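I opened my notebook to look through this structure one piece at a time. Come along and follow the entries with the model beside you.

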Amino acid sequence: MKYRPLARSTAALAAAAALAVAAACSSGGDEADADTHTWWDPYPQHAEDSAWAERVDACGEEAGVTIERTASDTTDLTNRALLAAQEGTSPDIMLLDNPAVSTLADTEMLTTMDELGLDVSGVDENLLAAGVVDDQAYGIPIGANTLAIYYNADILTAAGVDPASITDWATLTDALAKVTGNGDKGITFAAIGTEEGSFQFLPWFWGAGADLRDLDSPEAVAALQLWTDWLDAGYAPNSVLTNSQNTTWEEFLTGEFAFAVNGTWQVNSAAEAGFATGLVQIPGMDGGAAPAPTGGEFIIAPAQADTDRYDVTRQIVECMTTPEGFVETATTFAYYIPPTAEGQEALLAAEPDLEPWVAAVQEAKGRTSDNLGTDYPKISEALWTAVQNALSGAATPADALAQAQSDAEAALG
Amino acid sequence: MTTTSVTATDRASHGAAGPAPAAPARRRRRPPGSASTWTAIGFAAPLFAYLAVFYAYPLWRNIELSVHDYTVRAFVLGNPEFVGFEKYTEVFASDAFPTALVNTALFTVVSIAFQYAIGLGLAVFFHSNFRLSGVLRALFLVPWLLPLIVSSSTWAWMLNSDHGIVNSVVQSFGGDQINWLTSPGTALTAVIIANIWLGIPFNLVILHAGLQQVPAEVYEAASLDGASSWQQFWRITFPLLRPVSGITLLLGFIYTLKVVDVIWIMTTGGPGNASLTLAVWSYREAFGTGQPDFSPAAAIGNLLIVIALVFGFVHVRMQRSWEKS
C-alpha cells in the first residue's frame, strides 16, 4: 500500500497539468471584467506607444473603462474572429476589413448598430453598403480609401503627355505608348492571385460596365483584354502577376514607371518621392471616372452574452466616429477619408490637397454591394484566377472569364 | 541515424535472450490491479493526455470537418449539415484536382531526387575531412537556418521577370527574358528549384552522420583489393547507407508533401493553378480567400495524410525485407 501516495500525487500532477493546459487555452479573452473592454484591430504597425493606440485608450477612458487592444494582420484577424465567435470569446469591439463584415454578419455573431443604439444615417450610402445585410447596418466605416492612378510628372513631361488628356482607356493607352516609346516604363499594378488582384482589377471591370454576377460578359472581357494587351505590348511589366500593391508601389518609387495604380494610403509616400508626382482618376472605358472599390475598415461590435456591456461599447464607438475622430483617424493612417459629409468637410479644411481623394471615395463602390454580401469572396476568387490565367497566357481573356463564371456558379451552388 | 542504432540494439537483445522469455517474466512481477499498475498508469497518463489532446483530437476534428458542410455560418453556430463524402467527391471532381495531383507528384519526386543526390554528393565530399571542411559544411546549413519567409521572398526577387538577378544573368548571355514565376510553363520549375535549395542541408546533415557509421576498415580492405573510389562508393558507401537513405527519403517525402509556405510566398499556387499542389490547395481553400472553406480544405488535408501514411508503410515493409536479407 505504500504506493498509494505516489499514485495519488501522480494523479494530482496529471490533473494539475490538465488544468494548466485548460487555463492556457482559455486565457484568450473571455474575461467578463466590467472595467476592461477588449479591442481587436488589423494595425500591428501601430505599436502600443503609437498615436493610434493612445487614441484608442483615450476613448476607453472617456467611457470609463480600460481598453485591452490586440493587433494582428487582416486575414489572421478574420480567422481569429471566427474562432472566437465559435468559442464565445469575441472581443467587445473589432475593426475589420469591409468585405469581411457581411461574412461575419451572416454568422449572427455581430450586433446591429440599431441594437447598440447608434445612428448611421450620416454615413455615405456607398461606403456603408459593405456593412449592410438585409437593411441592417452591422458596423460603421471608420474611414475609406480607394484607388487612383499616380503618375511620374517628370516622365510624362519628357514624353510630352498631358495628364489632363487621360480621360478614357484609349487616351490612357496612347499615353502609355508615348512614354514607352520615349524609353521609359509604362504602368504597374497588382494582379497577384489574392484579393488584392481583384481589388485592383475592379475599377477596370466596373469601368467597362461589367457586373460581378456576370463575369463573362463582353464588357468584362474588354476590361481583361485591356490589361492583357498592355502586357503583350510591353506597357506593363510581366511581374504584375506576382505584384502585391506594396511591390507595385516600390516599383513606382524607383522612378522608372510613368504610372502606378495605387491607393489613398500612399499620399505621403508620393509627396516624399524623388520626383514630381500627380494623380488622375481611373478612367472608365468610354470616359468619366470609373467606380473604384472602397477599402478600409468597419468598426463592429461582436455580440456578447452580457448585454450590459453594450452601453460602454456604444460610447467607445461614438468616440471613434465623431467628425473630429474621423479626421484624427484620417491623418493617423495617411489617409482614410471620413465616411460622413461632416467628416469630409472637416478633413478638407485641414488638408485641402486631399480633394481628389474625397471625390474618388464618393464615387467608389463597395465590393460586397449590389447585395453580393457573402457571395463576393467566391466570385472574387474566380475573378482573380481569370486575371492570372489571361495575363500569364494560359488562356485568352474570353476563355478565362468563361471558366471563371462557371467556377463562380459552381462555388455558389 | 536513430533507426540504425535502434535496430542494432534490437538485434543485439534478440541475440542475447530472445524476445519470448523476457516478456512473461516481466508480466509475472506485476499482477493486474495492484498499486504498481496504477502507478504505471499514472505515469503514462500525462503522455496519453498529451497524445489525445495534440494528436487524436486534431485528427478526429479534421475528419469531422471534412464530412460536414462547414460554411462560415455553420462554423460559428456549430450546426453544420452532415454530408458524408460529398466534400471528397467535390474535391476529386474539381478541375484543380488532376493539376494539383500531378504538380504534387512532380514537386515531391523532383525535389527529393535532387535534394538527395546533391546532399549525398556533398556528404561524401565533406566526409574526407579536409581543411575548413567544418566551416564549409556549416555554411551549407544556412538555407536551413533562415526563416522560410526570408528565403522564399529572396528567391521570388531573384526570379522576378523584369528585374531579377537570374534573368539579368540569362540576358547578359544573350538569352530571352524567362517569366519564371508568372508563366504557366515555368512556375512549377521555379518553386521546385527554390525547394531543392532549401532541402539540401537536411539531406547533407543526415547522410553525413550516416557516413560516420560506416567503418573505415571496410574502405581500407577495399582499397587493398584495388577498388577504385567509384567502385567504393557504389559497392560500399551506397549499400551501407541504405537504412539511413531510406529514412532520409521518407522524412523528405513527408516534409515536401506538405510544403505550403515556399509556394505560397513565391506564386500563391499560380499563375492560375500552374504551381498548385495539394497542400497549397488545402491552404488556399481554408485561409487564402475572403471566405474560409474548411470542409474541402480538411478533405484535401486528409488525403495528404493518407498519402503520407501509405508511403510510411511502404518504408516499413522495405526496411523489414532488408533486415531479413
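**Entry 1: two helices in chain B**

At roughly what angle do the axes of helix H14 and helix H17 of chain B cross? I noted first that this is a predicted model. Then I looked up the pair: H14 spans residues 242-257 of chain B and H17 spans residues 294-324 of chain B, and their axes cross at roughly 175 degrees. The two axes come within 10 Å. Since angles over 145 degrees count as roughly antiparallel, H14(B) is therefore roughly antiparallel to H17(B).

Next I looked up who touches whom. From H14(B), the residues in the contact include B:Arg242, B:Gly246, B:Leu250 and B:Phe253. From H17(B), I wrote down B:Leu304, B:Phe311, B:His315 and B:Trp322, among others. By class, the contact of H14(B) with H17(B) has 11 nonpolar, four polar and one charged residues.

**Entry 2: chain B as a whole**

I stepped back to chain B. I found 17 helices and two strands there. Of its 325 residues, 32% are buried. I also checked contacts with a separation of 6 or more in chain B: 68% of them link residues 24 or more positions apart.

**Entry 3: what the record says about chain B**

I turned to UniProt, where an unreviewed entry lists "domain: ABC transmembrane type-1" for residues 101-315 of chain B. In the model, that stretch is 75% helix and 0% strand, with its end C-alpha atoms 21 Å apart.

The UniProt annotation "transmembrane region", also from an unreviewed entry, covers several stretches of chain B, among them 105-126 and 297-316. I compared these with the model. Residues 105-126 of chain B are 100% helix, and the end C-alpha atoms are 31 Å apart. Residues 297-316 of chain B are 100% helix too, with 29 Å between the end C-alpha atoms.

**Entry 4: where the chains meet**

**Entry 5: a sheet in chain A**

Now I moved to chain A. I found an open sheet of five strands in the order E2-E1-E3-E11-E6, with mixed pairing. Its edge strands are E2 (66-71) and E6 (140-141) of chain A, each pairing on one side only. A reminder to myself: strands of a sheet pair through backbone hydrogen bonds, either parallel or antiparallel.

Strand E1 (residues 36-41) and strand E3 (residues 93-97) of chain A run parallel and are joined by two bridges. A:Trp40 stands opposite A:Met94 in E3(A).

Then I looked for helices lying across the sheet. Helix H2 (residues 51-62) of chain A lies across E1 and E2 of chain A, at about 150 degrees to E2(A). Helix H4 (residues 98-106) of chain A lies across E3, E6 and E11 of chain A, at about 120 degrees to E3(A).

How values were computed:
Residues numbered from 1 in each chain as written. Chains lettered and ligands numbered in written order. Predicted model: local features only at pLDDT ≥ 70, side-chain atom pairs only at ≥ 80, totals over all residues. Helix = DSSP H or I, 4+ residues; strand = E, 2+ residues; numbered from the N terminus. Buried ≥ 20, exposed ≤ 12 C-beta atoms within 10 Å, placed from the backbone. Contact = placed C-beta atoms within 7 Å. UniProt positions renumbered as here; feature names shortened; annotations may be inferred. Pairing = 2+ DSSP bridges. Axes fitted to C-alpha atoms, helices over the stretch in contact; angles between N-to-C directions. Parallel < 35°, antiparallel > 145°, perpendicular 65-115°, else oblique. Nonpolar A, V, L, I, M, F, W, Y, C, P; charged D, E, K, R; others polar.
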